[in-house]
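Subject: Structure for your attention

Dear colleague,

Please find below the structure I promised to pass on to you. A short account of what was found follows directly after it.

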Amino acid sequence: MISTLFHECSDKESSKVELKSKLFGLAMNNMMRMIFGKDLAGSEGAGSFREMVKEAHSLLGASTSLGDFIPFLGWTDWKARRTILRLARRRDEFLQSLIDEHIRKMKEMEEKTMIGVLLELQNSDRQSNNDEDSMIIKPLIIGLLQAGTDTSSDTVEWAMSLLLNNPDKLKKARDEIDACIGNDRLLQETDLPNLPYLQCVITETLRLYPAAPLLVPHESAEECTVGGYHIPRGTMLLVNAYAIHRDPETWAEPERFEPERFEDPKGEGNKTLPFGMGRRRCPGEGLGVRVVGIVLGTMIQCFEWERVGEEEVDMTEGSGLTLPRAKPLEAMYRPRESMLSVLSRL
Ligand code: HEM
């Protein structure tokens with residue numbers, strides 16, 4: 001993405017870029033490379049799969065189904081149910097074609113991929129049959145693509161929006177990167193532990209804009225009491241991370257973007273839960289934090305970023321299972337003079 005941004009802009013003057021589609025494409029390709037060992041950039045399937053992920057997240061938002069709140073009105077959701085089933089079929093066909101292609105090419109492939117390992121396990125288990133395995137492998141991949149793409153890309157987009165509205169924080173993050181890495185090479189994963197302020201920016205972004213604002217709906221396995229409320233078995237439970245993260249009883253000036261609140265481990269400390277908690281906590285947290293750190297850090301390291309106009313970036317939120325921006329982020333950018341030699345080698 002950095003290389004594309006560099007080659008798409010002019011050397012000296014600022015160019016305008018719409019970041020959402022670029023960031024989502026990057027997250028998607030990243031996951032695809034891990035799962036299938038190949039980059040789907042520009043392929044016909046990749047574009048439509050992106051649309052499918054977006055559509056699924058907007059349909060699966062906990063607040064979009066009336067029947068979840070008033071069960072006898074469940075029939076009013078018939079249209080959404082039909083759309084979800086159609087979407088599931090399309091997604092299934094797309095993934096099946098990738099799995100079939102992988103099986104055909106598997107012998108020639110040198111690198112191990114996640115799908116390769118799963119298919120090998122399938123072959124070594126004589127008890128299994130192909131249909132049953134597809135029923136395990138495909139949902140696993142869908143879960144990863146669904147959970148691991150726009151969560152990361154939306155977080156980078158929100159972080160950049162916040163930084164554009166707070167140029168002093170953007171400068172502070174850039175100064176830290178320059179001091180730690182310099183301008184002779186690109187930021188790498190191993191640099192992240194040495195960039196505490198960048199980490200604070202990410203934590204503060206996830207506090208204000210948690211990628212899954214109501215986490216993922218859970219169901220009580222047993223009858224229980226929570227905060228004095230009786231919860232029958234089988235009740236859908238939503239955790240409002242968004243409200244917890246902005247609770248004025250917990251946070252000083254909760255609406256303010258203040259990465260510094262996480263600098264002091266004894267300060268407001270880690271009272272956020274953007275990845276959930278307990279056994280169903282996000283298993284992709286480590287990967288998500290690294291991907292967001294590398295992408296955001298490299299964007300800050302390589303380019304000067306500015307708002308498109310004088311007015312602040314509009315921070316209106318969209319809806320769905322995840323928390324996208326209502327309008328894709330547009331920004332002005334130009335390569336940093338000091339990074340030109342690194343960028344021109346990409
Ligand atoms: C900034 C990035 C991310 C955020 C903020 C995030 C957040 C979350 C949250 C809030 C949950 C629900 C936890 C709960 O209900 O208690 C979740 C679940 C999940 N996440 Fe993430 N996630 C991110 C990245 C990823 C990545 C990169 C992957 C995969 C590679 C991933 C895979 C999953 C899976 C498979 C689940 C379902 C776990 C289960 O149901 O047991 N996530 N994530």
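How many salt bridges does the count come to? In this predicted model, the count comes to 22 salt bridges.

I shall begin with two helices. Helix H2 (residues 19-36) packs against helix H8 (residues 150-165) at an angle of about 145°, and their axes are 8 Å apart. The crossing of H2 past H8 is right-handed. On the side of H2, the contact is made by Leu19, Lys20, Leu23, Phe24 and Ala27. On the side of H8, Asp150, Ser153, Asp154, Val156, Glu157 and Met160 take part. Sorted by class, the contact of H2 with H8 has six nonpolar, one polar and four charged residues.

Two of these residues, Glu157 and Lys20, form a salt bridge, with their closest N and O atoms 3.3 Å apart. The pair links distant parts of the chain, since Glu157 is in helix H8 and Lys20 in helix H2, 137 residues apart.

The side chain of Lys172 meets that of Glu260 in a salt bridge of 3.0 Å, N to O. Here too the pair links distant parts of the chain: Lys172 is in helix H9 (residues 167-181) and Glu260 in the loop between H11 and H12, 88 residues apart. At 33% relative accessibility, Lys172 counts as partly exposed.

Lys172 also forms a salt bridge with Glu263, in which the closest N and O atoms are 3.5 Å apart. Because Lys172 lies in helix H9 and Glu263 in the loop between H11 and H12, this pair ties together parts that are 91 residues apart in sequence. Glu263 is partly exposed, its relative accessible area being 42%. Through shared partners, salt bridges join Lys169, Lys172, Arg256, Glu258, Glu260 and Glu263 into one network.

According to an unreviewed UniProt entry, the annotation "binding site" covers Cys282. Cys282 is placed in the loop between helix H11 (241-245) and helix H12 (285-302). With a relative accessibility of 33%, Cys282 counts as partly exposed.

With kind regards

Key: Residues numbered from 1 in each chain as written. Predicted model: local features only at pLDDT ≥ 70, side-chain atom pairs only at ≥ 80, totals over all residues. Heavy atoms only, no water. UniProt positions renumbered as here; feature names shortened; annotations may be inferred. Helix = DSSP H or I, 4+ residues; strand = E, 2+ residues; numbered from the N terminus. Buried < 20%, exposed > 50% of the residue type's maximum accessible area, 1.4 Å probe, protein only. Axes fitted to C-alpha atoms, helices over the stretch in contact; angles between N-to-C directions. Left-handed = near helix turned anticlockwise from the far one by under 90°. Contact = heavy atoms within 4.5 Å. Nonpolar A, V, L, I, M, F, W, Y, C, P; charged D, E, K, R; others polar. Salt bridge = Lys/Arg side-chain N within 4 Å of Asp/Glu carboxyl O.
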